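Subject: Structure handover

Hello,

Here is the structure I promised to pass on. My notes on it follow below.

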Amino acid sequence: MDALDALINRTSCPRLEGPAPTPQQLDLMLRAALRAPDHGSLRPWRFIITEGEGLVRMGELFARAALKADPALPQARYDKCLQMPLRAPMIITVVAVTREHPKVPLDEQLISAGCAAHAITQAAFAQGLGAMWRTGEMTHNSHVRSGLELAEHEQVVGFIYLGQRCREREAPMLDLGEFVTRWEG
């Protein structure tokens, strides 16, 4: 697929099915992630791959985290948390690995990890796969952070759900005029 076609036409796929990406497809997605803009060549990211039974255990982690945050959690919400990771055959958890640096602020390192996540979604689309970058309460939950064994200086940028697209989605055509201005000083 042409790079510009991928950049212009990629859409998120909330519904994904198996099979999971092949090892070769996964390798290309991760190689694309490693090419993200990176001031100072700090490589402020790492990736946790989850599939198979790991998805069930991730759902259990999400459910325990929700229950810990709200001991009166309704059963329906608990059950939903159990099922969340099962919406795709593979999840890549993108983790920002930030550290103090004299020239590269922490927010730039976080943005760089976000660019790595974006590269994964682009590389998935370019290979005919579906991807959905999910965030939300589990992204910032301390119990989830602990369960994923994140260090103090790490944070989840997002969970990239990957699999086969269940249906094609057209990329909406947006009016550039709504988002672009010129500054001439």
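Which residue in β5 does A131 stand opposite? A131 stands opposite L162.

Before the rest, two remarks on reading the model. This is a predicted model, in which local features need pLDDT of at least 70 and side-chain atom pairs count only at pLDDT 80 or more, while totals for chains, interfaces and linings use all residues. Residues are numbered from 1 along each chain as its sequence is written, and side-chain values use heavy atoms, with hydrogens and water left out.

Strands β4 and β5

Strand β4 covers residues 130-134 and strand β5 residues 154-165. Helices (H or I, at least four residues) and strands (E, at least two) are DSSP runs, numbered from the N terminus. The two strands run antiparallel and are joined by five bridges; strands pair if DSSP finds at least two bridges between them. Four of the five residues of β4 are buried, so the strand is largely enclosed by the rest of the structure. Buried means under 20% relative accessible area, exposed over 50%, and partly exposed in between (1.4 Å probe, protein chains only).

Helices α2 and α5

Helix α2 (residues 23-33) packs against helix α5 (residues 106-126) at an angle of about 145 degrees, and their axes are 7 Å apart. The axes are lines fitted to C-alpha atoms, for helices over the stretch in contact, with angles running from 0 to 180 degrees between N-to-C directions. On the α2 side, L28, M29, L30, A32 and A33 meet A116, A119, I120, A123 and A124 of α5. By class, this contact has 10 nonpolar, no polar and no charged residues. Nonpolar here covers Ala, Val, Leu, Ile, Met, Phe, Trp, Tyr, Cys and Pro; Asp, Glu, Lys and Arg count as charged, and the others, Gly among them, as polar.

Salt bridges

The structure holds four salt bridges, each defined as a side-chain nitrogen of Lys or Arg within 4 Å of a carboxyl oxygen of Asp or Glu. Three of them are described here.

- D27 and R31 pair at 2.8 Å, N to O. Both lie in helix α2, four residues apart, about one turn of the helix. D27 is partly exposed at 36% relative accessibility, and R31 is exposed at 52%.
- R43 pairs with D38, with the closest N and O atoms 2.8 Å apart. R43 is partly exposed at 43%, whereas D38 is buried at 16%.
- R46 and E154 meet at 2.8 Å, N to O. This pair links distant parts of the chain, with R46 in strand β2 (residues 45-51) and E154 in strand β5, 108 residues apart. R46 is partly exposed at 29%, and E154 is buried at 8%.

Two single residues

T93 lies in strand β3 (residues 90-97) and is buried, with a relative accessible area of 0%. Leaving out residues up to four places away in sequence, T93 touches R46, F47, I48, M58, L148, V156, G158 and F159; contact means heavy atoms within 4.5 Å.

R10 sits in the loop between α1 (3-9) and β1 (16-17) and is partly exposed at 25%. Apart from neighbours within four places in sequence, R10 is in contact with D5, T121, Q122, F125 and A171. The C-alpha atoms of R10 and T50 are separated by 23 Å, the two residues being 40 apart along the chain.

Regards
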